[in-house]
Amino acid sequence: MALIVQKYGGTSVGDVARIQNVADRVIRSGQNGDRVVVVVSAMSGETDRLIQLAQAVSPNPDPREMDMLLSTGERVTVALLAMALRARGVPARSFTGRQVGILTDMAHTKARIADITPARLHAALAEGVIPIVAGFQGISPNSDVTTLGRGGSDTTAVAIAAALKADLCDIYTDVEGVYTADPNIVPSARKLTKISYEEMLEMASLGARVLQTRSVAFAMRYRVPVRVRSSFNDAEGTWITQEDVQMEQELVSAVTSDKNQAKITLVGVPDRHGIASRIFSAIAQENILVDLILQNVGQGGLTDLSFTVARFEAQRAREALAPAAAEMGVREVVVTDDITKVSVVGVGMRSHAGVAARMFEALAAEGINIRMISTSEIKISCVIDARYTELAVRTLHDAFGLANNKTVSC
Ligand code: ADP
Ligand code: ASP
Ligand code: MG
């Protein structure tokens, strides 16, 4: 008898019919004797709607109040799903994040899970009741509601699976698994049977929103087997597990894109030591993550410094660095948000040269200008103009022969 955590995303609980469908699925999975804990997201579009409401009453909503508001979306779906199950004669009970002991830090709107004390989950399971847990939310040390960042229900599910030592965490979504590229951008994208935690972590952090990055980090740390699959059919899905010898060591496994980026350029920065450290400490103090950094070759004692941050934090980053920039006599600070980061990911890159050259050639052949580049052991990312996103993803998917699993040598 296995213990399975199932997570249903926004589209899967997007309306009453779909909630009924989830109820049927949950019952079916319990029929072979497995015990199930369910985690659900808000109905699709609901979190966006709540964000818009907040912005309609305040240009800069207070993060604590934002979390109070955003956490309501998931309360609706847990209650409805529990009701739907009970209407079918199946004992089920809804829980908020707080009720199942999800303790986070104080970072409102992007809190991290610090600990889980799942006493009520154990009690419900022992009673034979199916727990239905609100994803995306927790409680801070001073008892305020927190949320875990967009897509955070994935992290709730994996963290609960780790805390309960579940056998498996199934992530049900609106696609059949993890693909070689977003199937909504590349129709010929191929579903992967298996992918290592490490590659999935890169893909998630580079924009493949099918799993929230932190959920993959949790799964990797606690060795939780995760499977991504469709809530609309019974196709097998994609397993995310430890890298093993049978796993194909593809040169490139996937192409990703991330439009939620902004580039900040400091124009006319004095070319001397200590400048970068002043700028980036000011930004770090605001808990804003900086991604790619590019410093131009200086001329006449001046240089330009560019870096990328998440788009929603660009304005705060600009404000954070303003005093240091003014003091150092920086000529101008320019924020550009019509950019995208496209990346190729693959563990096979560790042992092959030439991937970067092929990537740059493919983009150049389509007339796509590369504005910034960054590499790591298993990925290469390029910042390009946002209008070329779909073209770039399709071009790279083709260039690395991902549609039909052709091996492309570099
Ligand atoms: P949910 O609401 O179920 O959490 P999300 O919208 O967060 O669903 O994630 C699923 C979406 O992720 C898909 O509809 C797809 O467009 C997108 N996606 C991006 N990259 C990939 C990929 N490589 N494989 C599968 N889906 C991807
Ligand atoms: N409802 C939240 C969001 O839209 C969390 C989630 O769906 O995972 O980001
Ligand atoms: Mg999601």
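1. Lys110, Glu286, Glu313 and Arg316 are joined in a network of salt bridges. A salt bridge here is a side-chain nitrogen of Lys or Arg within 4 Å of a carboxyl oxygen of Asp or Glu. The whole structure holds 21 salt bridges.

2. This is a predicted model: local features need pLDDT of at least 70, side-chain atom pairs count only at pLDDT 80 or more, and totals for chains, interfaces and linings use all residues. Residues are numbered from 1 along each chain as its sequence is written, and side-chain values use heavy atoms, with hydrogens and water left out.

3. Arginine 88 and aspartate 24 meet through their side chains in a salt bridge (2.8 Å, N to O). Arginine 88 sits in the loop between helix H4 (72–87) and strand E3 (92–95) and aspartate 24 in helix H1 (residues 16–30), so the pair ties together parts 64 residues apart in sequence. Helices (H or I, at least four residues) and strands (E, at least two) are DSSP runs, numbered from the N terminus.

4. Aspartate 234 forms a salt bridge with arginine 28, the closest N and O atoms being 3.9 Å apart. This pair links distant parts of the chain, 206 residues apart. Aspartate 234 is exposed, at 54% relative accessibility; arginine 28 is partly exposed, at 42%. Buried means under 20% relative accessible area, exposed over 50%, partly exposed in between (1.4 Å probe, protein chains only).

5. Glutamate 236 and arginine 227 also form a salt bridge (3.4 Å, N to O). Glutamate 236 is partly exposed, at 43%. Arginine 227 is buried, at 9%.

Technical notes: Chains lettered and ligands numbered in written order.
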